[in-house]
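Dear colleague,

Please find below the structure that I am handing over to you. My notes on it follow directly after.

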Amino acid sequence: MKRFSANNMALCALFSAFIAAGAFIKIPFYPVPVTMQMEIVLLSGLILGSWRGAVSASVYMFIGLAGLPVFARGGGIGYVLQPTFGYVAGFILGAYITGKFAEKAGQATVKKCFLASLAGLAAVYATGVVYFWLISHFYLGKDVSAWYLLVNCFFMPLPKDILLCIAGAFAAKRLMPVVVKYIK
């Protein structure tokens, strides 16, 4: 069992708040709004590690499901029926995988941080696209084509996310030595 100290709780809460703030830095785009959340989720995995990053994303998700409007399009339990909720759920897996890859990589370099971010990004996209299709097809009754999913849910936000993964890798490399002394 991992020890969850006051420092861990504070860091997880801080990154949960950062993820929520990232939802409001957005470009309204249909069907998936382009936000800064993805980069903050991946950064939480890089800086806090796998389980703390996943806890941060989980707290963010549960706060939104409890009714606080912290998601890109609101909040509340009904948000699970939004096609884009898969990305929010994928944040947990993405933060965990990013953190796991970063932990296994050993000494953090910009290249290792970037590759870990790409692994987490792939997990979030996979979860988000599959969930989008499932909700659209089975709940909304819309026949969404594979081409529509690839273009609108993958290719459109991908260049921004890759560029911000690069920026996040540089930021993580600089922030890790500062934050690591608070992680116990």
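Two residues are in contact when they have heavy atoms within 4.5 Å of each other. The model is a predicted one, in which local features need pLDDT of at least 70 and side-chain atom pairs count only at pLDDT 80 or more, while totals for chains, interfaces and linings use all residues. Residues are numbered from 1 along each chain as its sequence is written, and side-chain values use heavy atoms, with hydrogens and water left out.

I begin with Leu43, which lies in helix H2. Helices (H or I, at least four residues) and strands (E, at least two) are DSSP runs, numbered from the N terminus. Leaving aside neighbours within four places in sequence, Leu43 is in contact with Phe15, Leu48, Gly168, Ala171 and Ala172. Leu43 has a relative accessible area of 16% and is therefore buried (buried means under 20% relative accessible area, exposed over 50%, and partly exposed in between, with a 1.4 Å probe and protein chains only).

Helix H7 itself spans residues 158-179 and bends by about 30° at Lys173, with Pro177 following within four residues. The bend at a residue is the angle between axes fitted to the seven residues ending there and the seven starting there.

Next, the spaces inside the model. On a 1 Å grid over the protein atoms alone, a cavity is a set of points where a 1.4 Å probe fits but cannot get out, and a pocket is an open set with protein on both sides within 12 Å along at least five of seven lines; lining residues have an atom within 4 Å of a point. Grid points are joined across faces, edges and corners, and a volume is the space filled by probe spheres set on the points.

By this rule there are 3 cavities of 30 Å³ or more. The largest cavity holds about 220 Å³ of space. It is lined by 16 residues, of which Val32, Pro33, Thr35, Gln37 and Tyr87 are the closest to its centre. Strand S2 (34-35), H2, H4 and H7 each give two or more residues to this lining, and H4 provides the largest share, 3 residues.

Val32 is placed in the loop between strand S1 (26-27) and S2. Its relative accessibility is 9%, so Val32 counts as buried. Not counting residues up to four places away in sequence, Val32 touches Arg73, Thr84, Tyr87, Phe132, Asn152 and Cys153.

The largest pocket contains about 210 Å³ of space. Among its 14 lining residues, Leu46, Ile47, Gly49, Glu103 and Met176 are the closest to the centre. H2 and helix H4 (85-104) each supply at least two residues of the lining, and the largest share, 4 residues, comes from H2.

Finally, the cysteines. The structure holds 0 disulfides, a disulfide being a pair of cysteine sulfur atoms within 2.5 Å. The sulfur of Cys12 is too far for a bond, because the closest cysteine sulfur, in Cys113, is 18 Å away. Cys153 is in no disulfide either, and the nearest cysteine sulfur, that of Cys165, is 18 Å away.

With kind regards
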